[in-house]
Structure formats: structure tokens, C-alpha cells
Amino acid sequence: MVDIKIRSAVERDVPVILGFVKRLAAYEKAAPHEVEATEDLLVQNLFGPHPYAHVLLASVNSNNNNEEQVAGFALYFFNFSTWKGRPGLYLEDLFVDSEFRGLGIGKRLLIQLAAVAKERECGRMEWVVLDWNEPAIKFYESLGAQKMSEWIINRVAGQALSDLAEM
């Protein structure tokens, strides 16, 4: 039997968090250079004076082994819905290392996030999933998530962001 523990990340977890970010990028077929995050940036933006996001870590401890292993993470932040007049919880990243998939870790992370959302009186919890990630899509649907196919994600980044700011 596997014991799963969910906890909030602390600053000393930053190397673990960055490792998850890099493995998630590889899973999503991104080139290694596309991950610009560094430990210093994560310390500043997750644990500095004005944290922009929060991280939950999932650890497992099997009966044969007294050593906990960090098996997955969820990075989230709060946004706001003008229609609902309430905050929302936005899940930026959810990732479980391949050797720990199928143990219920992703589900436990989402349950904990839903509890955080309810505690903070959020009107909803949202995230995006790549259209080719069928296992994740089916998993999310099994938990009651609804596809929002009528919405298109827009992004301005890099030079386009700089150009827009200078208009």
C-alpha cells in the first residue's frame, strides 16, 4: 500500500519544483531551452515578498520503504471572475512522475486544490490541457471537468509583449 501525503511547498523545495517543471516540459514535447525558469526566479516569484503562485507537492511512502519520495506537483494561482464576482483558482501545472502514475496522486492533488478553492471561496477552478493528451482529458472528465471548447487562449509574449507595452 502506498501512503500519499500532500503538502505546501517551501523555499527549500525549489530544486524539486524546477525538476518537475523540466520533466513536464519534456512530457509536453518542448525543447529544453524553452524552460526559462531558474531556481532564483522560482524563489523570487513563489516565495519572495509578493508570491505570484503556490505549489503543492505530493509525496509517497511505501510500506517497504521509510523514505518519502516526491512524486508530483501542482502549481496554481488565483485569478478573478467578474461574472461571478469571486476569485478563481487557476491550475497552471499538474504533473506526476511516470513511475508513480496510476496511484491516485493526480486525483489527490486535484482534490486538495478543490479544497483550497472552496476555502478561499472561489467560484471555479480552471486549467488547460493539451488537445493530444487523451489520458489527461479522460481523467479530468472523470472528475467532472467540462471542456470549454468555445474559448480560445490568447498569449502575448517575448518581443510582442515588449512591443505592446511600448504602443
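I'll start with a loop: Glu-121 sits between α3, residues 105-119, and β5, residues 124-126. Bear in mind that this is a predicted model. The phi angle of Glu-121 is positive, about 60 degrees, although the residue is not a glycine. Is Glu-121 buried or exposed? Its relative accessibility is 51%, and the cut-off for exposed is over 50%, so Glu-121 counts as exposed.

There is another residue of this kind. Lys-29 is not a glycine either, and its phi is positive, near 70 degrees. You will find Lys-29 in the loop that runs between α1 and α2. With a relative accessibility of 63%, Lys-29 counts as exposed.

Helix α1 covers residues 14-27, and helix α2 covers residues 39-47. Two packed helices are described by the angle between their axes and the distance between the axes. For α1 and α2, the angle is about 110 degrees and the axes are 10 Å apart. Angles of 65 to 115 degrees count as roughly perpendicular, and α1 and α2 are therefore roughly perpendicular to each other.

Which residues make this contact? From α1 there are Val-14, Pro-15, Ile-17 and Leu-18. From α2 there are Glu-39, Leu-42, Val-43, Leu-46 and Phe-47. Sorted by type, the residues of this contact are eight nonpolar, no polar and one charged.

Val-16 is also part of α1. Its relative accessible area is 31%, so Val-16 is partly exposed. Between Val-16 and Glu-39 there are 23 residues of separation in sequence, and their C-alpha atoms are 9.5 Å apart in space.

Next, charges. Side chains of opposite charge can pair when their charged atoms come close. How many salt bridges does a search of the whole structure find? The search finds six, and I'll go through some of them.

Take Asp-13 and Arg-7. They form a salt bridge in which the closest N and O atoms are 2.7 Å apart. Asp-13 has 7% relative accessibility and counts as buried, whereas Arg-7, at 30%, counts as partly exposed.

Asp-3 and Lys-5 form another salt bridge, with 3.8 Å between the closest N and O atoms. Here Asp-3 is partly exposed at 38% relative accessibility, and Lys-5 is partly exposed with a relative accessible area of 40%.

Then there is Arg-124 with Glu-126, where the closest N and O atoms of the salt bridge are 3.6 Å apart. Arg-124 has a relative accessible area of 36% and is partly exposed. Glu-126 is partly exposed too, with a value of 28%. Elsewhere, salt bridges with shared partners link Asp-3, Lys-5 and Glu-68 into one network.

Asp-93 is buried, yet it has no salt bridge. As for what Asp-93 does touch, leaving out residues up to four places away in sequence, the list is Leu-24, Phe-73, Ala-74 and Leu-75.

Terms used:
Residues numbered from 1 in each chain as written. Predicted model: local features only at pLDDT ≥ 70, side-chain atom pairs only at ≥ 80, totals over all residues. Heavy atoms only, no water. Helix = DSSP H or I, 4+ residues; strand = E, 2+ residues; numbered from the N terminus. Buried < 20%, exposed > 50% of the residue type's maximum accessible area, 1.4 Å probe, protein only. Axes fitted to C-alpha atoms, helices over the stretch in contact; angles between N-to-C directions. Parallel < 35°, antiparallel > 145°, perpendicular 65-115°, else oblique. Contact = heavy atoms within 4.5 Å. Nonpolar A, V, L, I, M, F, W, Y, C, P; charged D, E, K, R; others polar. Lys, Arg positive; Asp, Glu negative; His and termini not counted. Salt bridge = Lys/Arg side-chain N within 4 Å of Asp/Glu carboxyl O.
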